[in-house]
Amino acid sequence: MRYLTLLVCLVAACSVFAQERGEKIDLWGDHPMPNTKGIEVQDSIANERVYKVGRPAIYRVSPTPEKNRGIAVIICPGGGYQRYAWEVAGWDIARWFADQGVTGFILTARLPNSPDAVDPSTISTQDLQRALQVVRARASEWGIDPAKVGVEGSSAGGHLAATSGVEQQLLYRGTDAVSRERFTADFMILVSPVISMDAEITHMGSREQICGKNPTIDKLWRHSIDCQVTEQSPTTLLIHADNDPAVSPLNSIRMYEALRRHKVPATLHIFPQGGHSIDLGEQPAGTELWKNAVERWFDLLYGAKE
């Protein structure tokens, strides 16, 4: 009897672990994956980071049915466009969103440094656009309102997330039903985001991955998110720390100013402390309120939790 009880406990523990890690959804399935040379790349995960992505995917972490608010967020972890900090800026965030009644989808898009990339500057955005379409295509199955699908991103992941709010063209040739879904975000939450490619304020590692070592002025302009904002860009929440040593808060300020110029509703919080480590871990006094800001912002957008 003791062994049976132990077996039941082990099965239950495995079930909880599997649920916690979420369902993996291949983004391209049978649809031809764009922007590829045909080189096979194996996924590589080590030390809580993703270093290589061969098959882009999203990992679903859903709230309990009684908490579900019908909101979905594609989560873009940071890592300088060279890797993904997918535990602290992916799984932790997704579980926290689920506790707020929001379905989180952790994105592992192909990285610009992939040897398979034909055009490194667009490869991650193509996968993000597809992720937004996949979530909308299966929204009813997952209890999601297709008009409440947004993005969250931190650091370089903030740059990637923001491309879904400013890119007005589908960056791949769609031939299936999924590709007919809307590919832009309904809202954006950008934490310590890389926004501008301006050498004075950008994160140079991210810039080099996207634009190359000797980019043209046109390419820098094209990948500066603040320069691409339009009246159609979605409402945005920006979170940054004034003492961020890696990504200047001027990135968030420029994005806020661009959104204001185009009359897009935007909210900006710059905390005195927090460095480049605003996450769910221990924060300096005051900075921990960034979570409250996100919760309140959702309430203002979609109504308070019941």
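Some ground rules. Residues are numbered from 1 along each chain as its sequence is written, and side-chain values use heavy atoms, with hydrogens and water left out. Because the model is predicted, local features need pLDDT of at least 70 and side-chain atom pairs count only at pLDDT 80 or more, while totals for chains, interfaces and linings use all residues.

Confidence comes next. pLDDT is the predictor's confidence in each residue, from 0 to 100. The chain average is 93, and 93% of the residues score at least 70. Now look at residues 1-19. There pLDDT stays under 50. A contact here means heavy atoms within 4.5 Å.

On to charges. How many salt bridges does a search of the whole structure find? It finds 14. The rule is a side-chain nitrogen of Lys or Arg within 4 Å of a carboxyl oxygen of Asp or Glu. Helices and strands are DSSP runs numbered from the N terminus: H or I of at least four residues for helices, E of at least two for strands.

Take Asp92 and Arg95. Their side chains form a salt bridge at 3.1 Å, N to O. Both sit in helix α2, 3 residues apart, so about one helical turn separates them. Asp92 is partly exposed at 29% relative accessible area. Arg95 is partly exposed too, at 26%.

Next, Arg110 and Asp127. This salt bridge comes in at 2.9 Å, N to O. Arg110 is in the loop between β6 (102-108) and α3, and Asp127 is in helix α3, so the pair ties together parts 17 residues apart in sequence. Buried or exposed? Both are buried.

Third, Arg222 and Glu167, with a salt bridge of 2.5 Å, N to O. Arg222 belongs to helix α7 (residues 217-222), and Glu167 to the loop between α5 (156-166) and β8 (187-191), so this pair ties together parts 55 residues apart in sequence. Arg222 is partly exposed, at 36% relative accessibility. Glu167 is buried, with 10% relative accessible area.

One more item on charge. Glu23, Arg60, Arg138 and Glu141 are linked in a network of salt bridges.

Now the rings. Rings of Phe, Tyr and Trp (its six-membered ring) pair if their centres lie within 6.5 Å; planes under 30 degrees apart are stacked, over 60 edge-to-face, and the rest tilted. That rule gives 12 aromatic pairs. One of them is Trp96 with Phe97, a tilted pair with 5.5 Å centre to centre and 40 degrees between the planes. Trp96 also pairs with Trp290: the centres are 5.9 Å apart and the planes are at 45 degrees, so this pair is tilted. It links distant parts of the chain, with Trp96 in helix α2 (residues 87-99) and Trp290 in helix α10 (residues 290-302), 194 residues apart.

How buried are these residues? Trp96 has a relative accessible area of 13% and is buried. Phe97 is buried at 1%. Trp290 is buried at 2%. Trp96, Phe97 and Trp290 belong to one aromatic cluster, along with Phe187, Trp297, Phe298 and Tyr302.

Ala131 lies in helix α3 (residues 123-137). It is buried, with a relative accessible area of 0%. Which residues does Ala131 contact, leaving aside neighbours within four places in sequence? Leu27, Ile58, Ile74 and Leu107. Pro56 is 75 residues from Ala131 in sequence, but 9.1 Å away in space, C-alpha to C-alpha.

Last, Asp244. Find it in the loop between β9 (235-241) and α9 (250-261). Asp244 is buried yet has no salt bridge. The nearest side chain of opposite charge, Arg83, is 14 Å away. For that count, Lys and Arg are positive and Asp and Glu negative, while His and the chain ends are not counted. What does Asp244 touch, not counting residues up to four places away in sequence? Ser192, Gly275 and His276. The side chains of Asp244 and His276 are joined by a polar contact of 2.8 Å. A polar contact is a pair of N or O atoms within 3.5 Å; within protein, one must be able to donate a hydrogen and the other to accept it, and residues adjacent in sequence count only if both atoms are side-chain atoms.

Conventions. Buried < 20%, exposed > 50% of the residue type's maximum accessible area, 1.4 Å probe, protein only.
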